[in-house]
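Let's take a friendly walk through a protein, one piece at a time. Have the sequence and the picture side by side as you read.

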Amino acid sequence: MPDGLEDADGDGTRNAIDQHRRPVPARLKPDPARAFFDVAPQARDCGVRTGDARLNRCHFGERQSEVEVVLLGDSKATMYLPPAITVAEQEGWHLTTMLKGRCTPVLGTMPRHQRSFDGGRTCRQWRDRAFEQLRADPPDLVVLVFSDDDVLVDGRDRKLNLEQKRRALSKGLAKTLAAMPPESAVVLLADAPRSTINAPRCLQREPGDMSACLTLRVPASALRIDATIRRAVREAGGAYRTLQDRICPYQPCPLVQGDLLIYKDQGHLTVTFTQQLAPSLRAELAPFLPAPPLPQPELSATPLPSPEP
């Protein structure tokens, strides 16, 4: 039986729920009242907002590195920016970001928010510029991250149902990976499990019992979307990687690990928590990159002895 589903005390309630039947930790970080603002400090300078089509690239790590990594995506990619910076600095990678909130990088798809704002014009322009830059200067690795629970619409602004969305994502991901430079490895980092409630708000209402705020199960529709993305990426020659087991190690998914609050809202994680994912992120990405060069031995300045006559 999977961890967390057991009922050790025989009271009819899973262990995973029982262990959350306790008050909110006194030193919980961030404070639930401030969790919504717990975002990457680089987000304001490096992200591109709705209505803006600029390709606003930021650079982190070792600028002169022979290992080039690009983080491409929407606000879910920005969510993973702090651990990505940590890994780049530790490994000596040059990390470049291409980030635009609420604009999925999956070609041929359009979120309803973007369509209603300007017909999707600036989102399409930003994507075109991002892929043009990738092809002009191919990195060793492109890490693709996007929200898989966005409402997608067709060309007439009609919401796609589940099956239509699955077909659109499958076709769009094939097109997206085909547009990538052939020299670059592509890793799609899966979206984080979504909470069915706003955890920080709930924890403020229920400070004495965190179990009242748990998401009891992952919706079947989310599982089907995830399976579609996984299959489409692999069929197109990319790699699918996930940190979901680190974020949600058992069901129902916890809201708190130790003294860290995991969720800032229903779909985004606090960066206080995601910073702890740096070792796991490195483990997922490093196999796709060339090994760092070995240090060269220093030449001795001591002259070699002359051979005896």
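A polar contact is a pair of N or O atoms within 3.5 Å, and within protein one of them must be able to donate a hydrogen and the other to accept it. Keep in mind that this is a predicted model.

**A buried aspartate**

With that definition in hand, look at Asp191, which sits in the loop between strand E6 and helix H8 (199-205). The side chains of Asp191 and Lys76 are joined by a polar contact of 2.8 Å. Is Asp191 buried or exposed? Its relative accessibility is 4%, and buried means under 20%, so Asp191 counts as buried. Apart from neighbours within four places in sequence, Asp191 touches Lys76, Phe146, Ser147, Asp148, Asp149 and Gln244.

Next, find helix H7, which has 18 residues and runs over 162-179. At 1.5 Å a residue, H7 should span 26 Å, and its end C-alpha atoms are 25 Å apart, which agrees.

Which residues of H7 are buried? They are Lys165, Arg166, Ala168, Leu169, Gly172, Leu173, Thr176, Leu177 and Ala179. These residues cover an arc of only 165 degrees around the axis, so they lie on the same side of H7. On the face turned away from that buried side you will find the exposed residues Arg167, Lys171, Lys175 and Ala178. The packing partners of the buried residues are helix H6 (121-136), strand E5 (141-145), strand E6 (185-189) and helix H9 (220-235).

**Empty spaces**

Rolling a probe the size of a water molecule over the atoms shows where empty space is left. Here are two such spaces.

| Space | Volume |
|---|---|
| Largest pocket | about 1,200 Å³ |
| Largest cavity | about 80 Å³ |

The largest pocket is lined by 34 residues, and those nearest its centre are Ser75, Gly101, Arg102, Lys264 and His268. Helix H3 gives the largest share of this lining, with 4 residues. Helix H2 (43-46), strand E1 (47-48), helix H3 (75-79) and helix H5 (112-118) each supply at least two residues of the lining.

How many cavities of 30 Å³ or more does a search of the whole structure find? The search finds 4. Among the residues that line the largest cavity are Val69, Tyr80, Trp93 and Leu285. The elements giving two or more residues to this lining are strand E3 (68-73), helix H4 (81-91) and helix H12 (278-285).

Technical notes. Residues numbered from 1 in each chain as written. Predicted model: local features only at pLDDT ≥ 70, side-chain atom pairs only at ≥ 80, totals over all residues. Heavy atoms only, no water. Expected span 1.5 Å × (residues − 1). Buried < 20%, exposed > 50% of the residue type's maximum accessible area, 1.4 Å probe, protein only. Arc of directions from axis to C-beta. Contact = heavy atoms within 4.5 Å. 1 Å grid on protein atoms, 1.4 Å probe; cavity = no way out; pocket = protein on both sides within 12 Å on 5 of 7 lines; lining within 4 Å. Points joined across faces, edges and corners; volume = space filled by probe spheres on them.
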